[in-house]
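Dear colleague,

Please find below the structure that I am handing over to you. My notes on what was found in it follow directly after.

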Amino acid sequence: MNKLPILKIVLAGFAFAATHWKKLFEITIVPLILALPFLLTLPEMFGIYEQILSGDLKTDVQLPTNFLYYFILFGFAYVSISIHIIRIVVLGEESVKSFLPTFDIAKIGRYLLLTIIIGLLTMLPVLITGMPILQLIVYFLIIPITLNFVRISIDLPNQYKWNLNFPTQMNLFFIQAILPAIVSIIFIFLADLTNLGGALDIVIKIILFYWSQITLGFCYKIISQSD
C-alpha cells in the first residue's frame with residue numbers, strides 16, 4: 001500500500017510555504033548574511049569551472065581569498081536553514097527561534113556527515129563506471145536514508161532500517177529527486193526563451209531547496225505516523 005500521495009504532498013508543500021512564509025523568511029536572514037561572501041565568489045568559481053571543461057585552465061589560477069572560510073560559512077548556513085525548515089514542518093513554529101541559526105555542533109556534524117555519505121554513495125559508481133544512470137539507481141536504493149535528515153533535525157537518533165514498500169519508496173524518490181529535476185529542466189528551457197538566464201535559475205534553485213525540505217518533512221510525518 002502506498003503511504004505517500006504525491007499530489008497531496010506537492011500541494012501541501014506549497015500551502016505550507018504560503019502560510020508560513022514569514023517564519024521561513026526570519027530563519028533565512030542571518031544564515032543568508034553568513035553565506036553571502038561565498039555566494040559572491042560564485043561567478044569567479046563558475047569561470048574556473050568553465051575553463052576546466054574547455055581545457056583552457058591557466059596554471060596560475062587561484063581560488064578567491066578566504067574561499068575555504070566562506071565555504072564553511074555557507075555550509076553552516078545551508079544546514080541551519082535546512083534543520084529549521086524541517087523542525088517547523090514536523091514540530092511547529094514554536095520549535096525554532098526567529099532570526100537565530102542553530103549552533104548545535106553535534107547536530108550540524110551529523111547532518112553534514114549524512115550529506116557527505118549520500119553524496120559519495122551516489123557519485124562513486126558514476127566516477128568508477130562513467131555511467132550517469134547509476135546515480136539515479138543508487139539514489140533510489142538509498143532514498144530512505146534521507147529521512148534521517150528529519151530525525152537529525154528533530155533530535156532523534158538515525159534509523160537505518162525503514163522497510164518501505166516499493167510504491168512508497170518510488171513516490172519518495174519521485175518527490176525528492178525526479179520532480180525537482182523536471183521542474184529545473186522546464187525553467188531552464190523557459191530561461192533560454194526569455195533570456196533571463198542565471199537570475200531565473202538561481203530563483204528556481206532557492207524555491208526547490210525550500211520546497212524539498214518542506215516535502216521531506218511531510219513525507220517523514222506520513223511514514224512515521226503510518227508505522
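**A buried arginine and its partners**

Arg-87 counts as buried, because its relative accessible area is 12% and the cut-off for burial is under 20%. Please bear in mind throughout that this is a predicted model.

The side chain of Arg-87 meets that of Asp-155 in a salt bridge, with 2.9 Å from N to O. This pair links distant parts of the chain: Arg-87 belongs to helix 3, Asp-155 to the loop between helix 6 and helix 7, and 68 residues separate them.

Asp-155 has a further partner. It also forms a salt bridge with Lys-107, where the closest N and O atoms are 2.9 Å apart. Lys-107 lies in helix 4 and Asp-155 in the loop between helix 6 and helix 7, so this pair ties together parts that are 48 residues apart in sequence. Through shared partners, the salt bridges join Arg-87, Lys-107 and Asp-155 into one network. The count of salt bridges comes to two.

How buried or exposed are the other members of this network? Lys-107 counts as buried, because its relative accessibility is 9%. Asp-155, at 46% relative accessibility, counts as partly exposed, since that class lies between 20% and 50%.

**The loop between helix 6 and helix 7**

The loop that holds Asp-155 runs between helix 6 (148–153) and helix 7 (166–194). Its backbone deserves a remark. Most residues other than glycine have a negative phi. Asp-155, however, has a positive phi, near 65°. Asn-163 is likewise not a glycine, and its phi is positive at about 55°. Asn-163 is also placed in the loop between helix 6 and helix 7. With a relative accessibility of 61%, Asn-163 counts as exposed, because the cut-off for that class is over 50%.

**Helix 3 and the residue after it**

Just after helix 3 comes Gly-92, with a positive phi of about 100°.

**A nonpolar patch**

Ile-116, Leu-120, Met-123, Leu-124, Leu-127 and Ile-128 make a nonpolar surface patch of about 620 Å². One of these residues, Leu-124, lies in helix 4, which covers residues 105–129. Leu-124 counts as partly exposed, because its relative accessibility is 43%.

**The chain as a whole**

The protein chain has eight helices and zero strands. From the N terminus on, its elements run α-α-α-α-α-α-α-α. Of its 227 residues, 39% count as buried. Among contacts between residues at least 6 apart in sequence, 75% join residues at least 24 apart. The accessible surface of the chain comes to about 13,300 Å², and 73% of this belongs to carbon and sulfur atoms.

With kind regards

How values were computed: Residues numbered from 1 in each chain as written. Predicted model: local features only at pLDDT ≥ 70, side-chain atom pairs only at ≥ 80, totals over all residues. Heavy atoms only, no water. Helix = DSSP H or I, 4+ residues; strand = E, 2+ residues; numbered from the N terminus. Buried < 20%, exposed > 50% of the residue type's maximum accessible area, 1.4 Å probe, protein only. Patch = residues over 30% accessible without salt bridge, like charges linked within 9 Å, V, L, I, M, F, W, Y side chains within 5 Å. Areas by Shrake-Rupley, 256 points an atom, 1.4 Å probe, with all protein chains shown as cover. Salt bridge = Lys/Arg side-chain N within 4 Å of Asp/Glu carboxyl O. Contact = heavy atoms within 4.5 Å.
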